[in-house]
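Me: Hey, I've got a structure open and I'm new to it. Can you walk me through it?

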Amino acid sequence: MAPDDHPDHHHPTELAPIEARVAAIESVLVDKGILDTAAVDAIVTHLEDNLGPMNGAQVIAKAWTDPEYKAQLLDNATAAIDALGFGGPQGEHMVVVENTPEVHNMVVCTLCSCYPWPTLGLPPKWYKEPAYRARAVREPRKLLAELGTVVPDDVEIRVWDSSSEARYLVLPMRPDGTEDMSASELAKIITRDSMIGVQRL
Amino acid sequence: MTIPDDDSLPRDNGSLVFDAPWQARAFGIAVAVVEKLGLPWDAFRQRLMHEIAADPQRPYYDSWGLALESMVVDLELATPAALEAATPTERAPL
């Protein structure tokens, strides 16, 4: 993140109310010994540096190249993903849904922003917006088309509502022409949006 | 905050997660408190859902901050009076 380099640095600008409130919460919890600021920063740093779609891409690439692993992933996604080292908070109760020539899956959290942090990181802004949360359910085909993903009319679209009991990850179809690629090469072409189901590879 | 315009729709694989450092801290504090007290994530998530439903157009991290405040007050980790009186911690930029 960009450092605070305002020219009027010596005249602190007024904090927005919510920003001041969060700072006050942090201050009280630190004073009471419940938190320390280093721990808070470490959580953010870990998330920004170690968690993200590159992890999910490895899961998908392995499923594409290892039929036995794919079967495990579809049977018990939490365990299969954990086996690759991508477990942890918000990585529990994972469910992998497989795209096929007949079915396209997409994921939303209609009530808040449930999302698998270990495999995808934190959700992008649009995932948390009211427009996406409502329209993904109401008119998924139209929404996907506006996002540049035209799903053929004869392909069923299934929309999965993530919650703390089930966090969904889409297993995209392996694109044609990738037969000779290794798992690590494949991982590079697997995008975050394809694992949320708003893009087709 | 409005309905997302074209800029916020998914077109690439690398959008910023936080708009400002305070949002990252609000995020980290919620995760840290839940971990420290050994609570299920739902202890926070239910409050976040409630705040989002109360004002769907409110910016996401504003709802997050309000959910965090209600959690720490209800768990008696901080009183509203203590929050009013607190001097924000001096923090280096993330």
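Predicted model: local features only at pLDDT ≥ 70, side-chain atom pairs only at ≥ 80, totals over all residues.

Me: What are the ipTM and pTM?
Reply: ipTM is 0.82 and pTM is 0.83.

Me: How many residues are in the largest nonpolar core?
Reply: 75, and A:Ile25, A:Ile60, B:Ala26, B:Ile29, B:Ala30 and B:Leu68 have the most contacts inside it. A nonpolar core is a set of buried Ala, Val, Leu, Ile, Met, Phe, Trp, Tyr and Cys residues joined through C-beta atoms within 7 Å; buried means 20 or more other C-beta atoms within 10 Å of a residue's own, with C-beta atoms placed from the backbone.

Me: Which helix gives the most to this core?
Reply: Helix α1 (residues 21-37) of chain B, with nine residues. Helices here are DSSP runs (H or I, at least four residues), numbered from the N terminus. Chain A's domain 1 (17-49) and domain 2 (51-196) each supply at least three residues; those bounds come from an automatic or database domain assignment.

Me: Where are the centres of those two domains, how many Å apart?
Reply: 31 Å separate them, taken over C-alpha atoms.

Me: And what's the mean pLDDT of chain B?
Reply: 81, with 78% of its residues at 70 or more. pLDDT is the predictor's confidence in each residue, from 0 to 100.

Note on methods
Residues numbered from 1 in each chain as written. Chains lettered and ligands numbered in written order. Buried ≥ 20, exposed ≤ 12 C-beta atoms within 10 Å, placed from the backbone. Helix = DSSP H or I, 4+ residues; strand = E, 2+ residues; numbered from the N terminus.
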